[in-house]
Amino acid sequence: MRTLLTSLVIAILGATFCFFFYILIAHDYRWEAVVPYAGNLFSGWAMTLAVSAVALILSVLIGAGLTVGQLSPSRVARWLARAYVELVRGTPLLTQILIGYYLVAPVLHWENKFGVGVVILAAFAGAYLSEIFRAGILSIPRSQWESARAIGLTGAQTYRHVVIPQAIRRVLPATAGQFANLVKDSSLLYVIGLGEFTMQAREANAQTYATFESYLPLALGYLALTLPISLISRWLEHRTRYEH
Amino acid sequence: MNIELRGLSRRYGATQALRDVSLRVGNGVRVLALIGPSGGGKSTLLRLIGGLEVPDAGEIEIDQTLLDRREDPLRSHRRRLGFLFQSFNLFPHLTALENIALPLVHVHGKSAAEADETARACLSRFRLADHAEKHPAQLSGGQQQRVALARALAHRPRLLLLDEPTSALDPEMTAEVLEVIEELCREGQEIILSTHEMGFARAVADEVVFLSGGRILEAGTAAKLFDTPQTTEVKAFLSRVMRY
């Protein structure tokens with residue numbers, strides 16, 4: 001039964017891969033049309049890499065801050081953090097970018113597209129990360145908190161030495177998934193005219209009508225960013241394992 | 001040991017775990033065993049004496065000092081004790097050695113080198129020297145409990161509290177842990193333990209307390225309590241558990 005199921009899964013996935021691969025190969029491409037845009041595409045890719053990298057670091061800080069708020073003994077802090085998470089997760093990123101760039105940034109006299117884009121993206125991803133972090137911390141069994149209390153650790157020491165080291169390992173896969181999302185979500189920053197990867201691909205397509213010649217490199221370019229995230233996460237997961 | 005309990009009560013939701021428990025344990029007693037049916041209040045009593053929780057009513061005096069109800073003094077109190085629970089005592093992300101060294105460094109202010117030396121000595125004492133670098137998941141249940149016991153003793157606590165230390169172990173591992181505890185008793189370590197191992201309680205305890213329904217039904221020397229139980233409930237309990 002199990003071998004049958006396994007063979008079935010292999011057959012379906014294998015056929016699907018072959019099918020799509022064939023379709024993509026068989027298409028009649030006009031690569032020469034987009035060659036003049038290769039430089040723009042590459043600089044867009046570099047911009048996406050830069051925006052994502054900075055936003056990724058900032059999103060972890062925002063996520064951690066929101067987690068502290070959500071787990072705080074203060075009811076007001078919990079409520080505010082909760083409200084932030086629900087608002088950000090429940091509304092479109094597109095609207096948030098538009099509000100952030102066209103309404104909020106001008107009031108602050110901040111016109112740096114890169115900076116504004118990074119902050120909006122990090123604020124968005126931070127809401128998702130805080131839920132992942134919170135779930136990770138709450139998944140540490142009561143007995144661990146109890147043991148930490150019994151040996152005389154303070155609350156802060158318990159987090160630092162017992163809870164967070166164990167929680168990090170548990171949240172690695174979900175966090176890596178969120179990082180990959182962040183990289184792809186950065187594509188929406190084209191609406192504020194940030195010259196990132198997706199915007200350059202749209203431009204190339206608009207000029208040449210060579211749609212797949214513009215968007216296939218886009219897919220490969222994003223994969224080149226998200227795949228390493230996934231691989232590093234797996235490697236960390238393996239390196240931090242303690243149940244052998 | 002010198003402990004006096006006056007009118008202790010503790011309720012969890014709808015369950016009255018302890019009802020107006022009073023007890024005086026004098027200096028002649030080194031090992032005190034708490035026995036009785038599950039849910040009778042043994043664990044709760046240990047947790048109150050150990051300062052892991054505060055009673056709803058009543059007070060605890062240890063060495064003529066009243067136990068404070070505030071978290072800071074309670075933590076200092078816990079730091080002077082050693083705890084061992086039924087299971088899941090150890091931190092799974094740390095090796096046996098690190099588990100013992102952690103509180104020595106962060107609670108008892110030892111240097112890393114001192115802590116390492118003390119931890120190794122403790123492991124050798126319990127015949128665990130070869131397992132110092134292993135994580136809990138690589139140890140048997142009995143070995144895990146012995147490491148946890150080593151951690152509970154590494155800072156030389158005056159009083160050791162053991163909450164059903166062998167309930168989660170198979171008979172062979174139970175024997176290996178009981179041997180170590182018996183050794184401690186012979187060395188004069190002051191211990192309060194709750195246990196279902198009647199033979200063991202009788203062998204090591206200077207005084208035995210029978211708890212049921214949150215009340216102390218009988219208390220006295222091991223010989224007196226086991227040979228001439230006064231109440232029908234204690235008689236029934238002992239004849240049931242001693243039958244096989």
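This is a predicted model: local features need pLDDT of at least 70, side-chain atom pairs count only at pLDDT 80 or more; totals for chains, interfaces and linings use all residues.

Colleague: Start with chain A. What makes up its secondary structure, helices or strands?

Modeller: Helices: there are 10 of them and zero strands in chain A. Read along the sequence, the pattern is α-α-α-α-α-α-α-α-α-α.

Colleague: What makes a residue of chain A part of the side that touches chain B?

Modeller: The cut-off is 7 Å between C-beta atoms placed from the backbone. On that test, 18 residues of chain A are in contact with 18 residues of chain B. The elements giving two or more residues to chain A's side are α7 (142-150) and α8 (155-185) of chain A. By type, that side has seven nonpolar, nine polar and two charged residues.

Colleague: Over to chain B. Why are β2 and β5 of chain B called edge strands?

Modeller: The open sheet runs β2-β1-β4-β5 (chain B), with antiparallel pairing. Both β2 (15-25) and β5 (65-66) of chain B pair on one side only, and that makes them the edges.

Colleague: How do you know that β1 and β2 of chain B pair?

Modeller: DSSP has to find at least two bridges between two strands. Strand β1 (residues 3-12) of chain B and β2(B) have seven, in the antiparallel sense. For one bridge to look at, Arg11(B) has Gln16(B) in β2(B) as its partner.

Colleague: Why is α5(B) described as largely enclosed?

Modeller: Being buried takes 20 or more other C-beta atoms within 10 Å of a residue's own. In α5(B), 11 of the 13 residues pass, so the helix is largely enclosed by the rest of the structure. Among them are Gln144(B), Arg146(B) and Leu149(B). The buried residues pack against β6 (81-84), α3 (96-106), α4 (112-125), β7 (159-163) and α6 (171-186) of chain B.

Colleague: And how does the span of α5 (residues 141-153) of chain B compare with the one expected?

Modeller: Its 13 residues reach 18 Å from first C-alpha to last, close to the 18 Å expected at 1.5 Å a residue.

Conventions:
Residues are numbered from 1 along each chain as its sequence is written. Chains are lettered from A and ligands numbered from 1 in the order in which they are written. Two residues are in contact if their C-beta atoms, placed from the backbone, lie within 7 Å. Helices (H or I, at least four residues) and strands (E, at least two) are DSSP runs, numbered from the N terminus. Ala, Val, Leu, Ile, Met, Phe, Trp, Tyr, Cys and Pro count as nonpolar, Asp, Glu, Lys and Arg as charged, and the others, Gly among them, as polar. The expected span of a helix is 1.5 Å times one less than its number of residues. A residue is buried if 20 or more other C-beta atoms lie within 10 Å of its own, exposed if 12 or fewer, and partly exposed in between; C-beta atoms are placed from the backbone.
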